[in-house]
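Trainee: Could we go through this structure together? I would like to start with the backbone and then turn to the side chains.
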Amino acid sequence: MRLDASGKVSLDHIYTAPDPRTYFQVLRPLGYCVPQLAKPYFDKLVKEYRETEKVAVPRVLDIGCSYGINAALLKYDTTMDELYARYDGSGPGSRAGLLERDRGLARSRRPAQTLRFTGLDASANALAYAHEAGFLDDTVDADLETDDPTPAQRDRLAGTDLVISTGCVGYVTERTLTRVVRAQDGRLPWMAHFVLRMFPFDPVENALEELGYRTTRVDGVFKQRRFAGPQEQRGVLDSLAAADVDASGLEEDGWLYAQLYLSRPQHR
């Protein structure tokens, strides 16, 4: 088992396959559920934004979107259980067959939310699948940790109303979020980030404050997934101890947990 610098097992391979089957088949035994837990909070934020800002079709940027999971849950009112069943290996055996079936999902369901989703990710394969399936309306294939967006990427990022993520912050830092905000030419999109407890959010919060944001943390914690094994659990517990985070009753019992941070312009 190979661990990354945070102590988590490296699952890089599940994000780069041509279709989502590997992603869901690896994560299902681990009980990966944070997108499902995040869904009502994102729904509420979208509703509040639509009513407050009088925007009929909010533009959502999902950072670290992989195969467009959050978009599928929010636009088409799917569930994680439904997605696990769709990609369990019992359906179409080819990428083309999976895409045709997923396009049918996008066509057949009245969207639960009238939204426009852009996905930002460093996996071209995941982005391509989510876009071709109809989950994502646009994509940005970029690593904004290391590079400024190109003019074309900046154009795709511009006009964002809401920025969301479910687990990438910590690997993605304030560098990416700052570049996303600066692509808005003065507008400040609302943000909602589910962040694993081993990753301090202070650097992000401080950078966003300098840009004009106020951040609040929602009470409670949210299960992300089970540990892949004792080695990963030990690695994460070490990271939590180094960050002076108490793991008793939470990560010590076998699950990774996230916290939700909401960032809005200070005038709100």
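Mentor: Let us begin with D244, which lies in the loop between α10 and β8. Please keep in mind that this is a predicted model.

Trainee: What is the phi of D244 near?
Mentor: Phi of D244 is near 60 degrees, a positive value in a residue other than glycine. Most residues other than glycine have a negative phi.

Trainee: Is D244 buried or exposed?
Mentor: D244 counts as exposed, because its relative accessibility is 72% and the cut-off for exposed is over 50%.

Trainee: Which residues of α10 are buried?
Mentor: The buried ones are E232, Q233, G235, V236, S239 and L240. Viewed down the axis of α10, they fall within an arc of 165 degrees, so they line one face of the helix.

Trainee: And what covers them?
Mentor: The cover of the buried residues of α10 includes β7 (222–226) and β8 (255–265). On the face turned away from that buried side, α10 carries the exposed residues P230, R234, D238, A241 and A242.

Trainee: How about α6, which residues are buried there?
Mentor: In α6, residues 124–133, the buried residues are A126, L127, Y129, A130 and A133. They are on the same side of α6, because they cover an arc of only 165 degrees around the axis. Among the elements covering them are α5 (95–108), β2 (116–121) and β3 (138–141).

Trainee: What comes just after α6?
Mentor: G134 does, and it takes a positive phi of about 95 degrees.

Trainee: Changing topic to aromatics: how many pairs does a search of the whole structure find?
Mentor: The search finds 15 aromatic pairs. One of them joins Y23 and Y67, which are edge-to-face at 5.7 Å centre to centre, with 65 degrees between the planes.

Trainee: Where do Y23 and Y67 lie?
Mentor: Y23 lies in helix α1 (residues 21–27), and Y67 in the loop between β1 (59–63) and α3 (69–76), so the pair ties together parts that are 44 residues apart in sequence. Y23 is buried at a relative accessible area of 3%, and Y67 is buried at 1%.

Trainee: What about the rings of Y41 and F194?
Mentor: Their centres are 6.3 Å apart and their planes stand at 75 degrees, so this pair is edge-to-face. Y41 lies in helix α2 (residues 34–53) and F194 in strand β5 (residues 190–196), so parts 153 residues apart in sequence are tied together. Y41 is partly exposed, with a relative accessible area of 34%, whereas F194 counts as buried at 1%.

Trainee: Which residues do ring pairs link into a cluster?
Mentor: The cluster consists of Y15, Y23, F24, Y32, Y67, Y84, Y87 and Y129. Y87 also has the charged end of R101 over its ring, 5.9 Å from the ring centre.

Trainee: What lies over the face of W190?
Mentor: R264 does, at 5.0 Å from the ring centre.

Trainee: Since W190 is in β5, how many residues of that strand are buried?
Mentor: Seven of the seven are buried, so β5 is largely enclosed by the rest of the structure. Both of its faces are covered, with W190, A192, F194 and L196 on one side and M191, H193 and V195 on the other. In a regular strand the side chains alternate between the two faces of the sheet.

Trainee: How many bridges join β4 to β5?
Mentor: Five bridges join strand β4 (residues 162–166) to β5, and the two run parallel. Within this pairing, V163 stands opposite M191.

Methods
Residues are numbered from 1 along each chain as its sequence is written. This is a predicted model: local features need pLDDT of at least 70, side-chain atom pairs count only at pLDDT 80 or more; totals for chains, interfaces and linings use all residues. Side-chain values use heavy atoms; hydrogens and water are left out. Buried means under 20% relative accessible area, exposed over 50%, partly exposed in between (1.4 Å probe, protein chains only). Helices (H or I, at least four residues) and strands (E, at least two) are DSSP runs, numbered from the N terminus. The arc is that of the directions from the helix axis to the C-beta atoms. Contact means heavy atoms within 4.5 Å. Rings of Phe, Tyr and Trp (its six-membered ring) pair if their centres lie within 6.5 Å; planes under 30 degrees apart count as stacked, over 60 as edge-to-face and the rest as tilted. A charge sits over a ring if NZ of Lys or CZ of Arg is within 6 Å of the ring centre and within 35 degrees of the ring normal. Two strands pair if DSSP finds at least two bridges between them.
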